[in-house]
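Please look over the sequence and the structure below before reading on.

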Amino acid sequence: MTSAEYRLCDVSFDRSFGDRDARIEREQALAVIDLLECNTFIPVGHDGGPYRLRIEAVDGRLALHIADDQGEHVVSHYLSLTPFRRLLKDYARICESYDDAIRHPGPERLEAIGMGRRGVHNEAAELLRSRLSTKVTIDNNTARRLFTLIYAQLVRNTDHRVLLS
């Protein structure tokens with residue numbers, strides 16, 4: 001097995017409900033492109049991929065459904081969102097601050113927001129890697145991009161105020 005086989009080749013989302021926000025759609029599309037371009041994704045105990053990942057919000061939990069490139073189910077992993085709540089709130093606030101900073105530009109403000117965003121991404125990536133470690137091995141960059149996708153999926157399916165409360 002080569003390392004190229006232990007990667008994601010497709011990412012999809014449950015889009016059956018939720019708002020279509022152009023900003024969220026754009027962020028999600030860019031994260032998917034970045035993720036598919038370079039990732040490490042190794043389901044524990046599986047012979048190799050590449051893999052397809054479907055992300056859903058189900059009953060207050062996050063469902064990650066993994067299939068091989070032919071679409072045959074490999075494993076599903078359900079994550080409680082409770083450990084991610086603070087990070088999701090922080091990320092939502094940073095996104096709002098960024099949107100506001102774009103309307104009222106100032107390079108130092110954008111720089112500070114970028115640093116905050118990287119910090120949240122790093123913390124969330126480590127938590128995600130830890131929470132998935134019994135099912136899937138992922139590298140830090142893959143975890144960072146997955147967190148962006150998870151955030152976008154949750155925002156699409158939840159009122160923004162719920163994430164901030």
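Predicted model: local features only at pLDDT ≥ 70, side-chain atom pairs only at ≥ 80, totals over all residues.

Residues are numbered from 1 along each chain as its sequence is written, and side-chain values use heavy atoms, with hydrogens and water left out.

**Overall make-up**

- The secondary structure of the protein comes to 5 helices and 6 strands, where helices (H or I, at least four residues) and strands (E, at least two) are DSSP runs numbered from the N terminus.
- Along the sequence, these elements follow the pattern β-α-β-β-β-β-α-α-β-α-α.
- Of the 165 residues in the protein, 42% are buried; buried means under 20% relative accessible area, exposed means over 50%, and partly exposed lies in between (1.4 Å probe, protein chains only).
- Among the contacts in the protein with a separation of 6 or more, 65% are between residues 24 or more positions apart, a contact being heavy atoms within 4.5 Å.
- The protein exposes about 8,700 Å², of which carbon and sulfur atoms supply 50%; accessible areas come from the Shrake-Rupley method with a 1.4 Å probe, and for residues only the protein chains shown count as cover.

**The nonpolar core**

- The largest nonpolar core has 44 residues, and those with the most contacts inside it are Phe-41, Ile-55, Leu-146 and Leu-149; such a core is a set of buried Ala, Val, Leu, Ile, Met, Phe, Trp, Tyr and Cys residues joined through side-chain atoms within 4.5 Å.
- The largest share of this core, 9 residues, comes from α4.
- When residues up to four places away in sequence are not counted, Leu-149 touches Val-11, Phe-13, Gln-28, Ala-31, Val-32, Leu-35 and Ile-55.

- Helix α2 has 19 residues and reaches 28 Å from its first C-alpha to its last, close to the 27 Å expected at 1.5 Å a residue, the expected span being 1.5 Å times one less than the number of residues.
- The buried residues of α2 are Leu-87, Leu-88, Tyr-91, Ala-92, Ile-94, Cys-95, Asp-99 and Ala-101.
- A search of the whole structure finds 3 aromatic pairs; rings of Phe, Tyr and Trp (its six-membered ring) pair if their centres lie within 6.5 Å, and planes under 30 degrees apart count as stacked, over 60 as edge-to-face and the rest as tilted.
- One of these pairs is formed by Tyr-91 and Phe-147, which are edge-to-face at 5.4 Å centre to centre with 85° between the planes.
- Tyr-91 lies in helix α2 (residues 85-103) and Phe-147 in helix α4 (residues 140-157), so this pair ties together parts that are 56 residues apart in sequence.
- The rings of Tyr-91 and Tyr-151 have centres 4.7 Å apart and planes at 75°, so this pair is edge-to-face.
- Because Tyr-91 belongs to helix α2 and Tyr-151 to helix α4, their pair ties together parts that are 60 residues apart in sequence.
- Tyr-91 and Phe-147 are buried, Tyr-151 is buried as well, and Tyr-91, Phe-147 and Tyr-151 form one aromatic cluster.

**Polar side chains in strands and a helix**

- Asp-68 has its place in strand β4 (residues 61-68) and is buried, with a relative accessible area of 15%.
- The side chain of Asp-68 reaches the backbone nitrogen of Gln-70 at 2.9 Å, and, with residues up to four places away in sequence not counted, Asp-68 touches Pro-50, Tyr-51, Arg-52 and Val-74.
- His-77 lies in strand β5 (residues 73-80) and counts as buried at 10% relative accessibility, and its side chain reaches the backbone oxygen of Arg-131 at 3.3 Å.
- Asn-122 has its place in helix α3 (residues 107-132) and is partly exposed, with a relative accessible area of 39%.
- A polar contact of 2.5 Å joins the side chains of Asn-122 and Arg-144; a polar contact is a pair of N or O atoms within 3.5 Å, and within protein one must be able to donate a hydrogen and the other to accept it, while residues adjacent in sequence count only if both atoms are side-chain atoms.
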